[in-house]
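Please review the following briefing on helix geometry and helix packing alongside the sequence and the coordinates.

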Amino acid sequence: MTETAIAGREITKGSEPMNWRFFGSAFASRSLSTGLLIFSAVILGTFTEVRGQSTSRTAIRRAFNNGQFEEVVRVAPVAVLRGRNTGAFSTASEIGVFHALGLIRLERSKEAGTILDDALIDAEQSKQPRSIANVYLAKATLSRIQRDFPAAIEFARKSVELSPVDRQIEVEYHLAIGRIMYSSGYDIAAIVWLENAEKLASSLPMSAAHLDVLGHLGFAWAAKFNYAKAIDYGEKLVRLSEKTEFKYRHRLALYEFGGHLSAAGQERRSNHVRETGLRLALTEKDDYQSCLFLSPLILTSLYKGDIGTAERHLSTLKRADRNNRFQFESVLGNAVIAGLRGQKEVSDSHFKKLASLKAHSDYLVPHWKAILAEKRKDWSGLIEQMEILRKITEERNFREDLPAVYFGLAKGYWGLGKQDPALKYAKRSAAIVEGDRSNGDTPLSLSMLEMYHSVYRLLAEIEERKGDAAAALERADYLKARVLRDRIENSALRRKGVMDSSIRKHVENLSMRLIEGENVREELAVIEKTATLSLPQTEPERKLDIETLNDTNVPKDVAVVSYFFTLDSQLRAFVIESDRPVRIVKLSLSESEADVLAESIRTKIRDRVFFKRDGKDIYDKLLAPLSIDDNDHLVIVPDKSLWNIPFNALSPDGKSYLIEQRTVSYSPSVLMHLNELKQTPPWRKSIQVFANDTFGDRYLVYVNREAANVGRIFNTRPAIGATRDQFLRFASEADILHFSMHAEANPEEPLDSFLAFKALGRDSGRITVQNLLSIRLKKQNLAFLASCDTNNVLNGEGLISIAWALLGSGSSSVISAQWEADDRSAEIFTEEFYKHYRKGTSTAKALQSAAVRMIYDKSSGSHEPYFWAAFFLLGDHR
């Protein structure tokens, strides 16, 4: 499980909030500390400067803005007494609120309650409604943190009743109710109240309350797995808070934003944001906030097995944690590091010490013990820890965590060679996920998706051990088809639909009734469970089954090779040929070795030192053991990093490239390929050519000439300097789409990968993967992406790229580049391809002819794989 999966645990359901500081989750604001430090800034935003205000009050305000809560607690009592002695009861009350919130922030809630009672007396003596209202808002915060939600609601109501025409108090009332709903687990109700607060705040000067509204809207949307909106609010909060006096709030905004990015799977960007916040906190010598940033940075490093970085951050944590408030995190980090190094006795000693320290979650320690047990292949130990986690999750109804726990049990039993219990728990894990998404509109967390895909790897491996090759292929291919769909439909940054207006109105009415004292909690809970905030998804795809294999006539000269890494990272190849049963071939290449191999190939090709003997070595590892030499065409269905290997550049004999002897194409899944073969072969005549030679500071010299040459072959005029509007107007009419322009792949968020059309004014010219998925192209069209880096592998698990987006939009064949293609060689390659394709040659044969033409052209230097091996065919090869 990832940090996001764990971090939402007892925050939403348990009686005690967990130590979320160690996780940086988007859900962390339901916990103790976030509510404390943010509300302190909210109250500050409502206090107005008055003539004659004391220097101590100004200093206290400044200290709050920079998070110096211990200093506030130290000086506030004297300032309160001074205010009372001079009759400035309003000032005394406001400083009392500062004092109380500082105590709450330092986890001294009992003292805070007493201080607030005194502050209320001072406020009532001042007879100023806003002062009294602010005390009630602070009491609402304290009650919410203590999980006394009825009292929190009552105090919030009193605040607005005292100042019914005060717009700032009205904003904070809506904010308070929204936070109470969120802490109660009513996320949709929270969104309704917080969005109303944002509307009210937008007409007022910028305040800390407005910033707090933005922060909690981010948390609430993230809780509904709508990370696109969460990140939008996070970015807005960071941008706005940077320009205010609330510097501590700005650093906190960076912390929250980093959590949203992490939950969305953007770890690189998340770490950058967190490192930025850490530097600011260290510069301000804010020890607590420095430790706050360090905790998720340590966690992320440990999950990646980056012990060096984890130790560096732990060392900084030790120096900054002068009050030992993060001792639990420090000891846990050392326990995990020792475990990762194989120092079991040292690790066990640290874990034993943790038992004497205060921890907010009893889930955390067995979780990490399970990770370490699996790493050292202590399968009995893994089962032991997973049984502890199973008991916790089942007793406390943490349904979202059960799939991962059951999967952990399945891995443990599989490691012990106990097939039946392994199968039982693997099926239970998959059943929960599939049951939750049976209506087609339930968004899944990224961690659950990763786990769900891994379950199918295990199920395929079990079927293999049972000797059923076809059943194993069915499981493996379902995984590949599922990965593609899940990566798009559950993308963290895919734009989700807005809340249905009828749901919004119903939730608002129910929450109002709850505030009035009616018992409508069950009705709100039902809406939370059943209402969806995401776009409708497509019909679920069919699984590949044995009947499909038997009924489909794979051409006699074609071999379909589907690679598959098992759960323990061993490589298998499923081979499907005409009139032969499915075969499984075990290959002597591990996943880590494949990663190194793929990277090495790319480097050698880029540096022009990839020779045929290199291609022969790789051919012997990946293709020679399969006994498929009799086939003229190979359909490759890669897995993980094998997507990065240009099979057409491998060498069967060390003398020639594979593409010289056979045609090669790729497919995302076997099922997709078999379904293509059932269709009538495409007959493509019309073409639309789009070209744009400039994007930002990038200039491609030959793309316009390339487009003109392609246009001449088809006797049509290309769109030079093509715009987004031209593409959107004409793309759906053509049998062939040719793109001569810059393209860019986003490795962290593939939906933002784009084709670069001409920018016009505010129109960036970008057509993103997300845009392409919403467009309907002509059925069975061919798309040729003669662009830079239009292919990308996400998390090593599946092809999510501009090429795949075109397949999803109607293209049945896509030619794209696996690396940044030289635009001069792209011009030669595309012209040669279309000359042959125009004559009626199949797509795969035309691609082969273009490659061979360049291989034989030694005089121009284009014979190197760098110039021609980048282009590969995805989809229908006919």
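This is a predicted model: local features need pLDDT of at least 70, side-chain atom pairs count only at pLDDT 80 or more; totals for chains, interfaces and linings use all residues.

Residues are numbered from 1 along each chain as its sequence is written, and side-chain values use heavy atoms, with hydrogens and water left out.

**Surroundings of H6**
- Of the 17 residues of H6, 16 are buried, so the helix is largely enclosed by the rest of the structure; buried means under 20% relative accessible area (1.4 Å probe, protein chains only).
- Glu107, which follows H6, has a positive phi near 65 degrees.

**H20 and H21**
- Helix H20 (residues 364-375) packs against helix H21 (residues 379-395) at an angle of about 160 degrees, with the axes 8 Å apart.
- The two helices H20 and H21 are therefore roughly antiparallel, a term for angles over 145 degrees.
- The contact (heavy atoms within 4.5 Å) includes Pro366 and His367 of H20 and Trp379 and Gly381 of H21.

**H8 and H10**
- The axes of helix H8 (residues 129-145) and helix H10 (residues 167-183) come within 11 Å and cross at roughly 10 degrees.
- H8 and H10 are therefore roughly parallel, a term for angles under 35 degrees.
- Among the residues making this contact are Arg130 and Ala133 of H8 and Gln168 and Ile169 of H10.

How values were computed:
Axes are lines fitted to C-alpha atoms, for helices over the stretch in contact, and angles run from 0 to 180 degrees between N-to-C directions. Helices (H or I, at least four residues) and strands (E, at least two) are DSSP runs, numbered from the N terminus. Angles under 35 degrees count as roughly parallel, over 145 as roughly antiparallel, 65 to 115 as roughly perpendicular and the rest as oblique. Buried means under 20% relative accessible area, exposed over 50%, partly exposed in between (1.4 Å probe, protein chains only).
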